[in-house]
Amino acid sequence: MLALAIHAVVAVLWLAPPPPSEAPKILTFSTADDASLVEWDRKVSQLLRRGDLKLREEKPSGDGTMQEEWFVQVHKGVPVLGTEVWRQAEGKKTIALEGSIYSSITVNPTPKLSLEEARVAFISLAKGSPGPSQPPALAILPEADKFVLVYQARVLTNSDLTLYSIDASTGEVVASEPDPKPSQ
């Protein structure tokens, strides 16, 4: 009887679908025709209502007849790096849309490291310099196979300014890249 039960459990586990993948899947869109414009305008409006897009910047045209808006994707209030949606409107009517967003973000947006612990980690990367002049910023970094909750800060070491991303759970460096423009 026990052997039959074990075989049943093994069969269920073997045949069960794999857990959903957290691998980042980017959706890139550009509205080339009226049908895609209407569809994406509806999707963008839904994302805005749900709080999954946050206005980053808006600018009226020189004559005031059009408005341009830039949005960044957020997951539970945390910005997702590498995303942007641009919308152009004439009055209340959207006339152009394009952008890149990720689907199925499941990373927990609560860091294990405090902001102060993150600041200390960045100071250790500064190698004798005072560390970042701005507080670290929490963000979601898409990688090839997963999303990572990170703190980001620009750190001056010697004469080089580097943008570091550290894992918000462990403090380990996840990414770094030279920053060609000094932060203000």
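Q: Quick one to start: does Phe147 count as buried or exposed?
A: Phe147 counts as buried, since its relative accessibility is 3%. Buried here means under 20% relative accessible area and exposed means over 50%, with partly exposed in between, using a 1.4 Å probe and protein chains only.

Q: And what sort of model is this?
A: It is a predicted model, in which local features need pLDDT of at least 70 and side-chain atom pairs count only at pLDDT 80 or more, while totals for chains, interfaces and linings use all residues. Residues are numbered from 1 along each chain as its sequence is written, and side-chain values use heavy atoms, with hydrogens and water left out.

Q: OK, the overall layout. How many helices and strands are there?
A: The protein has 3 helices and 10 strands. Both are DSSP runs numbered from the N terminus, helices being H or I over at least four residues and strands being E over at least two. Starting at the N terminus, the order of the elements is α-β-α-β-β-β-β-β-α-β-β-β-β.

Q: How much of the protein is buried?
A: Of its 184 residues, 36% are buried.

Q: Which residues of α3 are buried?
A: Helix α3 covers residues 115–125, and its buried residues are Ala118, Ala121, Phe122 and Leu125. Viewed down the axis of α3, these fall within an arc of 95°, so they line one face of the helix. The arc is taken from the directions that run from the helix axis to the C-beta atoms.

Q: What covers them?
A: The cover includes the strands β8 (147–157), β9 (160–167) and β10 (173–178).

Q: Now aromatics. How many pairs turn up?
A: A search of the whole structure finds 2 aromatic pairs. One of them is Phe29 with Trp40, a stacked pair at 3.8 Å centre to centre, with 10° between the planes. Rings of Phe, Tyr and Trp (its six-membered ring) pair if their centres lie within 6.5 Å, and planes under 30 degrees apart count as stacked, over 60 as edge-to-face and the rest as tilted.

Q: Where do Phe29 and Trp40 sit?
A: Phe29 is in strand β1 (residues 25–30) and Trp40 is in helix α2 (residues 34–50), so the pair ties together parts that are 11 residues apart in sequence. Phe29 is buried at a relative accessible area of 6%, and Trp40 is buried too, at 14%.

Q: What about Tyr102 and Phe147?
A: Their ring centres are 5.6 Å apart and their planes are at 85°, so this pair is edge-to-face. It links distant parts of the chain, with Tyr102 in strand β6 (residues 93–103) and Phe147 in strand β8, 45 residues apart. Tyr102 is buried, its relative accessible area being 15%.

Q: Switching topic: which residues have the most contacts inside the largest nonpolar core?
A: That core has 20 residues, and those with the most contacts inside it are Ile105, Phe122, Ile140, Tyr151 and Ile166. A nonpolar core is a set of buried Ala, Val, Leu, Ile, Met, Phe, Trp, Tyr and Cys residues joined through side-chain atoms within 4.5 Å.

Q: Which elements supply it?
A: α3, β8 and β9 each supply at least two of its residues, and β8 gives the most, with 5. Apart from this core lies another, of 10 residues, among them Leu37, Leu47, Leu53 and Ile101.

Q: Where is Pro136, and what does it touch?
A: Pro136 lies in the loop between α3 and β7 (137–142), and it counts as buried at 8% relative accessibility. Leaving aside neighbours within four places in sequence, its contacts (heavy atoms within 4.5 Å) include Ala118, Phe122 and Tyr151.
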